[in-house]
Amino acid sequence: SVMKGYDRAPAETAEALRGGWFHTGDLGYLDADGFLFLTGRIKELIVTPGGKNILPEEVEAEYQQSRAIAELCIIGVPREGEEGENLHVVVVPNFDYLRGEKIHDAAGYIKDELTRIALTLPTYKRITGITLIKDPLPRTRLGKIQRHLVTTTVMSGESAPTVTPQLSDADLQMIESETGRVVLDILKRLLPPKKEIMLDDHLDLDLGFDSLKRVEFHVAIEGQLGSVPEELIAEVVTVRDVIEKLNGLEKTHHEEGEGQRPWGEILETPPPPALTEAFLTTPSHVNRLTGAVAVGFCKRIFRCGFSLAVTGMEHLPRQGPFLLASNHLSFLDPFILISVVPRSVFSKLYILGWEPYFRSRLRRWVGRVGHVIPVGPQTGLVTVLRTSSAILRAGKSLLIFPEGERSIDGHLQPFKKGIGVLACELAVPVIPVRIEGSFQAWPPDAKRPHSHPLRVGFGKPILIRSSMIAEWISQGQDPHEAAANFIRDAIVASP
């Protein structure tokens, strides 16, 4: 009653029609009342390297919780040398939400959101790769995701084919305007050679912008067109948005050839008063006393319950300013570090913390006691760097986790370039710190920590000198990226 077979496809017909039954390839189960529930398709079932069977639609429901995500699709992607497939997510961002919340780094924010959700799931349901796309996911007329098309796009490493649009007279006028020429010229200098730039290119998804690239873009625009509000660059999504927003400003044009503002000048601008107050206001006597008690309590817990061992303390300066640069393995890391540094160091040591974690009254108080300066997704990277610079210029010290996030697998991740900017421009010592054991003590899938030996090693101070910067420039390297990598290598080599 369904069909006699597939047209001129005997092998497929023999597979589907067996013993008079049509095998549809659906997965499901019968409940106690005899009702049939369909849960997925056999051909879409993902078998992980650990042998777990994953139905994509079930996992998609878990990851779809974030309002920053408009659509997503989970597919299985094999890895060379491994059996089975790993979970890979293809995401269509909710651009209206991101724009409304003034999220500065769409790709980074969505990655953080997915990581946050992943930490609440069993390890076999965690994604190992992310692809962001602009266009809606391909679907059938019934609204089902066409996973084979999504998989083909990801495995080929290419975006869905697009047709270069015919430019209208208005678009040509926009490109040929003074602002349009400046913006496109700056983008050509910031992006790889031969990268074609179109007006509707998304800065994050098409042009590969991250937070720091937006800062460099902002700085270059100010060097050519005058002062531009940080919020404007944070809100723009496409190249077209940039030109339209800039055309709407009353700009003070710089003399041609003046170039972009140097980082040193950018970092001299004070941060907002609310952030400055957090480290310039002397803590109350109660907070100082509470902080000392809390540090002593943490020290006892880590020494007795986690067999904490510390090496290289002789490399730690007794006064600032300096940067502590550490790898980041778990929530325990900042508590471990403030418990091992001398009290005189802790009294002038500050930490940049993720603002969403400090919104409750109790956590805000904990942040004040622990010298945490909250920065969040709405805080521009320029503001973060200016705040860091102001802390160091005030003679205080700063603890930074240059990876920007906790490691999901326990391995050291690439460093953000921001630490290289601070190290090069402010010429303050950087103390590399290597933490071991905290990933095992509190892994991402655990709700609470458990006892495991901890070890902290302080390396020799690093001072990025002008001769090093000159050498990197002569080799064609970005000195800030080179400095960040240099510090990363020092952490790897820390005792």
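## Close-up views of a predicted model

**View 1. The second largest cavity has a volume of about 80 Å³.** Here a cavity is a set of points on a 1 Å grid over the protein atoms alone where a 1.4 Å probe fits but cannot get out, and its lining residues have an atom within 4 Å of a point. Points are joined across faces, edges and corners, and the volume is the space filled by probe spheres set on them. This is a predicted model: local features need pLDDT of at least 70, side-chain atom pairs count only at pLDDT 80 or more, and totals for chains, interfaces and linings use all residues. Residues are numbered from 1 along each chain as its sequence is written, and side-chain values use heavy atoms, with hydrogens and water left out. The count comes to 2 cavities of 30 Å³ or more.

**View 2. Who lines the second largest cavity?** Its lining has 14 residues, and Leu 98, Ile 103, Ala 106, Arg 214 and Val 237 lie nearest its centre. Helix H3 (95-100) and helix H9 (230-235) each supply at least two of the lining residues, with H3 giving the largest share, 3 residues. Helices (H or I, at least four residues) and strands (E, at least two) are DSSP runs, numbered from the N terminus. By type, the lining splits into 7 nonpolar, 2 polar and 5 charged residues.

**View 3. Trp 263, Leu 323, Ile 464 and Ile 487 touch the most other members of the largest nonpolar core, which has 37 residues.** Such a core joins buried Ala, Val, Leu, Ile, Met, Phe, Trp, Tyr and Cys residues through side-chain atoms within 4.5 Å. Among the elements giving two or more residues to it are helix H8 (211-225), helix H11 (263-268), strand E11 (323-326) and helix H21 (479-493). Leaving aside neighbours within four places in sequence, Leu 323 is in contact (heavy atoms within 4.5 Å) with Leu 392, Leu 398, Ile 400, Leu 422, Val 428, Pro 429, Val 430 and Ile 431. Apart from this core lies another, of 28 residues, including Val 295 and Leu 308.

**View 4. His 480 sits in helix H21.** With a relative accessible area of 9%, His 480 is buried; buried means under 20%, exposed over 50% and partly exposed in between, using a 1.4 Å probe and protein chains only. Not counting residues up to four places away in sequence, His 480 touches Trp 263, Lys 417, Gly 420, Val 421, Cys 424 and Glu 425.

**View 5. Glu 71 and Arg 139 form a salt bridge, with their closest N and O atoms 2.8 Å apart.** Glu 71 lies in strand E7 (residues 69-77) and Arg 139 in the loop between strand E9 (129-132) and helix H5 (147-156), so the pair ties together parts 68 residues apart in sequence. Glu 71 is buried at 15% relative accessible area, while Arg 139 is partly exposed at 37%. A salt bridge is a side-chain nitrogen of Lys or Arg within 4 Å of a carboxyl oxygen of Asp or Glu, and the structure holds 15 of them.

**View 6. Lys 213 pairs up with Glu 216 in a salt bridge, the closest N and O atoms being 3.8 Å apart.** Both lie in helix H8, 3 residues apart, about one turn of the helix. Lys 213 is partly exposed at 22%, whereas Glu 216 is buried at 13%.

**View 7. Another salt bridge links Arg 434 and Glu 436, their closest N and O atoms being 3.1 Å apart.** Arg 434 is partly exposed at 27%, and Glu 436 is partly exposed at 28%.

Technical notes
1 Å grid on protein atoms, 1.4 Å probe; cavity = no way out; pocket = protein on both sides within 12 Å on 5 of 7 lines; lining within 4 Å. Nonpolar A, V, L, I, M, F, W, Y, C, P; charged D, E, K, R; others polar.
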